[in-house]
Amino acid sequence: MRIGNASALAMVAVSLCIDGLVGPAHAQTAVEKSQPYLWRNVAVIAGGFVDGLIFSPARKGLAFARTDIGGAYRWDAGPRRWTPLNDWAGGKDGNLLGCESIGVDPSSADRFYLALGTYTADWSSNGAIMRTADGGKTWKRTDVPFKMGGNEDGRSAGERLQVDPNLGSVLLMGTRNNGLWRSDDGGARWAQVTTFPVTGRTNGVGVVFEVFDRRSGPRGKPTPVIYAAVSQQGPGLYRSADGGATWQPVAGQPTGLLPHQGAMAADGSLILTYGDAPGPNGMSGGAVWKLDTRAGTWKDITPSHGSFGYAGLALDLAHPGTLMVSTMDRWSVGDTLFRSRDGGATWSDIAPKGVNDWSLTPYLTFGGASAKFGWWIGALAIDPFEPGHVLYGTGATVWASDDVTAADSGKPTHWKVGAAGIEETAVITLVSPPAGAHLLSGMGDIGGFRHTDLTLSPAAGMFTNPVFGNADSIDVAELAPDIVVRVGRGGRQTGAISHDNGATWKPFLTEPVRGGGQRGGGGGSVALGADGAAIVWLQGGALSYSHDGGATWQACAGAAGPRGDVVADRKTPGVFYAMAAGKLVASTDAGATFAARGALPKGSQRLKAAPGRAGDLWVTCGAEGVYHSTDGGTSFVRAGELANADQIGFGRASPGHEYPALYVTGQTRTGASGVFRSDDIGATWVRINDDAHQYGYSGQAVTGDPRIYGRVYMGSNGRGILAADPAPR
């Protein structure tokens, strides 16, 4: 496989099993109307924390990846891309998009498991364990009575979900707050192992991995010797010699550090990585230790001590003594990989001679001259069929090498981005201009992008000059689309203007201030007048305007308690609208003053202005649906039968119609959630996604394309930007 640039236990039994096929084979929910659409990602490629990588020992060319908020993936060697596995998670199951762990059956390439759940907070739902016996074509689901935290501290620890290599019907699952769980029927039913020393709430990280000592028993029977680790300073490692019936802490183990990952070497040594915090942040110390499981003796094999921890671990089982580990939070010089061929007696540092090729994803330079070797390296895997082939994950991507063995003779290793198909960005806002680029996006952590080709990660990388972490709002001048503004957070400057449709940027010379000279803090909502002459920026609970491209700012008068969105009339220059104190307020003097127009509908959330029409406004109102105004906000009328509306956008009108097509994320009166289109000004709506394409939560952002009828762009919280077009009839 090449992944590179081709782009009799004491238990408390519970009734848990809710079996059924889910995913692509599941029937579509009945709605009033639906239309088949073809869904795909707009290419950014990765863009978030890839916290787990696993090669299957059962089939060459098969691997799995998990992400903290973007689900799980399977590597498909044919198209040489990662394929998402749980895009069906949505609506009430949105919490299941996050993946806590992946369980791979060493004896069957087609049988694997997903432990799903993003958060353990009181408001989040319990987790679920999905299982497939046909490589992911169909799935069965078991809801479990505990929560998982795929996007919480310690998420690169693991793997928590393990399959007994001698008897595939036996599985163990380490939980964050409910101890160790076991299934004896291939994952259909689960029960807590009450004899395990940790059965209740711990530090929120809990049981992080289990290791079956395959050599301790024959095939066809449960493995007798099992190790399990808990993220606590001591004791952290436990052993069972009777298949999990009883457990004892392992004698002589390190204390003061938290186990992160563990694996059994071919010679029977158990290797563990440790940190002084669960990670991925906060590690300021760590170690690597080896346990001789026959003699019961420990040895510190840490490659280098410093103000950082150790997380990733990979063993070359075909070559005893060969292993690799990764640092975590080595911020001073960047994280690295260490490689040993003598069981940890000596090590080579990979990064200094590592040659990285980021051409597939230019944004990885973050506006600089080159991409870092990595940070937050918690995922690391050696291909069991090709020992030179190694993958590691970072806080932003996956890197792949085919020549890691070159390091054994002191030569450079070469790495390419190996994340094609993984799209993990959290999208905040989307704009499709009437001319120029088809899509401008604002994202969390990596700013945003200008896409002229939806199939490629933009060659220019992310928005720069300035670079800021989150781009919260973008607007294009409707009548002069070369003029674009964006605002955000996480940088020294938090606003910028472009005069070439977002290709290049200049930061605002100044930024608005509030009372006492305090800056507004960035972020918020920004609107650009239809002709590009005026900018209105809502941030920090105040409205400000600029008539000179952001060189100077003044406070807008007349709008008390503005919130949510400020928008520009898409036809009339100098006219702006905002939500404030339960009313729609408007300005006709380029933002200098605002005055009340009328009451906002109950539950008003998002405000948008329709292109090509003066005074044409739409408001989404959550459970109250969507409302329309044609008189600049003086009055609003409910449109259609959507029972819930989150976000709204506009696209090219359908053939024979003049009014733009409408796109809404929400829910119908029959309970179907998803993305909806209206071609008749909101009188009727058609669902354009299906139950296989829900992407966790589809209420991040939505817009149509003003030049292509039927095309919709949708932002997700962890599955990137989705684009869809009507399926051919």
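This is a tour of one predicted chain, stop by stop, with what to select at each.

**Before you start**

Residues are numbered from 1 along each chain as its sequence is written. The model is predicted, so local features need pLDDT of at least 70 and side-chain atom pairs count only at pLDDT 80 or more, while totals for chains, interfaces and linings use all residues; side-chain values use heavy atoms, with hydrogens and water left out.

**Stop 1: the whole chain**

The C-alpha trace spans about 85 × 50 × 50 Å along its principal axes. For 729 residues, a compact globule would have a radius of gyration near 27 Å, and the chain agrees with 27 Å. That radius is taken over C-alpha atoms, and the globule rule is 2.2 Å times the number of residues to the power 0.38.

Of the 729 residues, 62% count as buried. Buried means under 20% relative accessible area, exposed means over 50%, and partly exposed is in between (1.4 Å probe, protein chains only).

Colour by charge next. There are 62 positive and 64 negative side chains, and the centres of the two sets lie 2 Å apart. Lys and Arg count as positive and Asp and Glu as negative, without His and the chain ends; each charge is placed at NZ of Lys, CZ of Arg, CG of Asp or CD of Glu.

**Stop 2**

Side chains of opposite charge can pair when their charged atoms come close. The term salt bridge here means a side-chain nitrogen of Lys or Arg within 4 Å of a carboxyl oxygen of Asp or Glu. By this rule there are 26 salt bridges.

Select Asp725 and Arg40, whose side chains form a salt bridge at 3.0 Å, N to O. Asp725 belongs to strand β58 (residues 721–726) and Arg40 to strand β3 (residues 37–41), so this pair ties together parts 685 residues apart in sequence. Asp725 is buried at 15% relative accessibility, whereas Arg40 is partly exposed at 33%.

**Stop 2: around Arg66**

Asp51 and Arg66 form a salt bridge, with their closest N and O atoms 3.5 Å apart. Asp51 is in strand β4 (residues 50–55) and Arg66 in strand β5 (residues 63–67), so the pair links parts 15 residues apart in sequence. Asp51 is buried at 1% relative accessibility, and Arg66 is buried at 2%.

Arg66 also forms a salt bridge with Glu159, where the closest N and O atoms are 2.8 Å apart. Glu159 sits in the loop between β11 (139–143) and β12 (161–163), so this pair with Arg66 of β5 ties together parts 93 residues apart in sequence. Glu159 is buried, as is Arg66.

Stay on Glu159 and show the backbone. The peptide bond joining Gly158 and Glu159 is cis, with omega about 10°.

**Stop 3: a charged network**

Select Lys92, Asp93, Arg141 and Asp143. A network of salt bridges links these residues.

**Stop 5**

- Gly234 and Pro235: the peptide bond between them is cis, with omega near -10°. Pro235 is in the loop between β17 (226–230) and β18 (237–240).
- Phe366: phi is positive, about 50°, although this residue is not a glycine. Phe366 lies in the loop between β28 (354–357) and β29 (379–382) and is partly exposed at 29% relative accessibility.
- Ala590: phi is positive here too, about 60°, and the residue is not a glycine. Ala590 lies in the loop between β46 (583–587) and β47 (595–599) and is buried at 15% relative accessibility.

**Stop 4: an open sheet**

Strands of a sheet pair through backbone hydrogen bonds, either parallel or antiparallel. Select β52 to β55: these 4 strands form an open sheet in the order β52-β53-β54-β55, with antiparallel pairing. Two strands pair if DSSP finds at least two bridges between them. At the edges stand β52 (642–651) and β55 (686–687), each with a single partner strand, so one side of each has no neighbour in the sheet.

Finish at β54 (residues 673–678), which 2 bridges join to β55 in antiparallel direction. Select Arg677 to find the residue opposite Val686 in β55.
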